[in-house]
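Here is a short tour of a protein model for you to follow on screen. Take a moment to look it over, and then we will walk through it topic by topic.

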Amino acid sequence: MGALRTPRKCMEKKYDYENFPRTSVVIAFYNEAWSTLLRTVYSVLETSPDSLLEEVILVDDYSDREHLKEPLATELSRLPKVRLIRANKREGLVRARLLGASTARGDVLTFLDCHCECHEGWLEPLLERIHSEPSAVVCPVIDVIDWDTFEYLGNAGEPQIGGFDWRLVFTWHTVPERERIRMKSPIDVIRSPTMAGGLFAVSKRYFEYLGSYDTGMEVWGGENLEFSFRIWQCGGTLETHPCSHVGHVFPKNAPYSRNKALANTVRAAEVWMDGYKELYYHRNPAARLESYGDVTERRQLREKLQCKDFKWYLDTIFPELHVPEDRPGFFGMLQNEELKALCFDYNPPSESQILGNFVLLYRCHGRGQNQFFEYTSQNEIRYNAQQPEACVSVTSGSDLLTMDFCMDTAPQDQKFLLQEDGTLFHVQTKKCVQAEGDVVTDSFMPLLRDCMDSKLQKWFFRERVL
Ligand code: UD2
Ligand code: MN
């Protein structure tokens with residue numbers, strides 16, 4: 001096992017766990033490899049205090065790989081406390097987990113993915129917290145197991161909290177100052193706006209009270225944000241315990257298609273986000289067209305539990321998240337007046353590295369994503385896909401448009417005046433943004449040029465391709 005950054009106080013802490021609730025560990029799997037699945041099971045059995053572990057429930061979500069049939073049943077039959085349940089059809093992770101939960105005998109449900117390794121002392125902190133606060137949903141710190149070597153790499157640094165961006169993609173963030181102040185000790189739980197989804201413990205009763213999961217969600221994706229919003233808005237708390245560590249193999253590719261994630265995410269937005277769902281739809285127009293089934297029952301649940309609204313959630317639980325203005329006519333594709341087929345287009349070097357490339361012009365596609373920009377009342381052109389957010393800026397001496405992180409108050413080089421006539425005037429250099437390029441190589445860019453009366457220097461925002 002690699003070096004772990006568990007606070008030393010965690011090691012020193014002794015748990016008096018006689019009265020702690022017992023847990024059922026529920027692990028749903030679909031076509032998982034033998035070694036990773038059994039590593040998960042053995043590590044649970046080897047690291048959980050006997051008196052705290054009621055059982056381990058494995059739910060086979062209708063896998064078709066041979067090794068998961070007889071051979072798995074035989075292997076597991078030798079192990080104490082382990083039960084194997086099989087779905088009769090492919091259920092997806094939400095209903096597979098619920099199938100396991102429905103037969104659970106423990107007071108607490110602890111969900112794990114099927115490619116984890118629990119680390120010594122992982123369970124006690126989770127159960128202690130739920131023992132003292134039954135409405136707490138508690139996650140371990142998720143350590144990294146290398147996808148290629150399966151080495152337990154440990155955690156790179158301080159635990160992080162979960163967030164999301166306005167594409168409704170889950171994101172990781174450093175613990176904000178206000179939360180560090182709230183925590184009374186480094187081994188106190190860390191409040192988190194969202195969870196990654198796979199690894200958490202919850203009182204069985206409280207899970208049922210909260211409406212367990214949205215069973216209209218298929219396969220994979222979206223359920224983690226839905227559950228996170230629901231926990232907070234309906235009176236619970238979502239936390240990470242810095243003393244609990246579980247390793248997870250972050251998959252480079254999954255053994256199944258994840259195309260249901262969009263519909264699942266729309267269900268979450270439709271039930272929990274009120275008017276803020278529009279910010280999501282603006283950034284992913286395909287989401288608005290996706291059929292997502294019936295959410296009447298989930299809205300009734302929200303009524304019944306008298307849950308708070310999304311504004312409360314944003315203001316109170318995730319105040320760090322920038323809420324876009326999305327003023328009508330000032331978001332979407334930024335299109336050129338002369339070269340009408342061309343729009344601002346930005347491709348970050350990678351999902352985790354947003355800065356570093358130039359803004360280009362590319363055929364307008366109307367799918368939001370990398371052609372989505374928002375023009376703010378501070379005169380910024382925000383590239384609104386990722387967290388932290390990036391704004392169009394200019395490196396001094398250059399006529400190219402680049403990206404830099406947005407600031408609370410827009411710096412001079414990030415200010416562009418979109419004037420009545422469509423001119424996009426860069427305040428600092430007093431130049432205008434002009435479309436330039438080459439038809440033969442089909443490469444175009446927005447560049448800073450002396451202002452003149454030309455449609456190549458006129459721009460307008462449009463939400464869709466007409
Ligand atoms: C993350 C979560 C995962 C889930 C997902 C969003 C962690 C560490 N993982 O993705 O738990 O919340 O985000 O949906 O936070 N599975 C089934 N049936 C299916 C599909 C998946 O049983 O149809 C199982 C799968 O075998 C695994 C679990 O569900 O045990 C999660 O799937 P994943 O590991 O492919 O998801 P991951 O870790 O990329
Ligand atoms: Mn996983």
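Let's start with a pair of charged side chains: Glu223 and Arg97 form a salt bridge, with 3.7 Å between their closest N and O atoms. A salt bridge here is a side-chain nitrogen of Lys or Arg within 4 Å of a carboxyl oxygen of Asp or Glu. Keep in mind that this is a predicted model, where local features need pLDDT of at least 70 and side-chain atom pairs count only at pLDDT 80 or more, while totals for chains, interfaces and linings use all residues. Residues are numbered from 1 along each chain as its sequence is written, and side-chain values use heavy atoms, leaving out hydrogens and water.

**Salt bridges**

- Glu223 sits in helix H8 (residues 223-233) and Arg97 in helix H4 (residues 92-102), so their pairing ties together parts that are 126 residues apart in sequence. Helices are DSSP runs of H or I with at least four residues, strands are runs of E with at least two, and both are numbered from the N terminus.
- Glu223 counts as buried at 5% relative accessibility, and Arg97 counts as buried at 4%. Buried means under 20% relative accessible area, exposed over 50%, and partly exposed in between (1.4 Å probe, protein chains only).
- Asp274 and Arg302 also meet in a salt bridge, at 3.0 Å from N to O. Asp274 lies in the loop between helix H9 (261-272) and helix H10 (277-283), while Arg302 is in helix H12 (residues 296-304), 28 residues apart.
- Asp274 is partly exposed at 30% relative accessibility, whereas Arg302 is buried at 13%.
- A network of salt bridges links Lys89, Glu91, Arg95 and Glu218.
- The structure holds 39 salt bridges.

**A buried leucine**

- Leu76 has its place in helix H3 (residues 70-77) and is buried, with a relative accessible area of 4%.
- Setting aside neighbours within four places in sequence, Leu76 is in contact (heavy atoms within 4.5 Å) with Leu38, Val41, Leu58, Val82 and Leu84.

**Two domains**

- The domain assignment, which is automatic or from a database, gives domain 1 (8-317) and domain 2 (331-462).
- The C-alpha centres of domain 1 and domain 2 lie 39 Å apart.
- Between the domains, 10 residues of domain 1 are in contact with 12 residues of domain 2.
- Across the interface of domain 1 and domain 2, the rule finds zero salt bridges.

Terms used:
Chains are lettered from A and ligands numbered from 1 in the order in which they are written.
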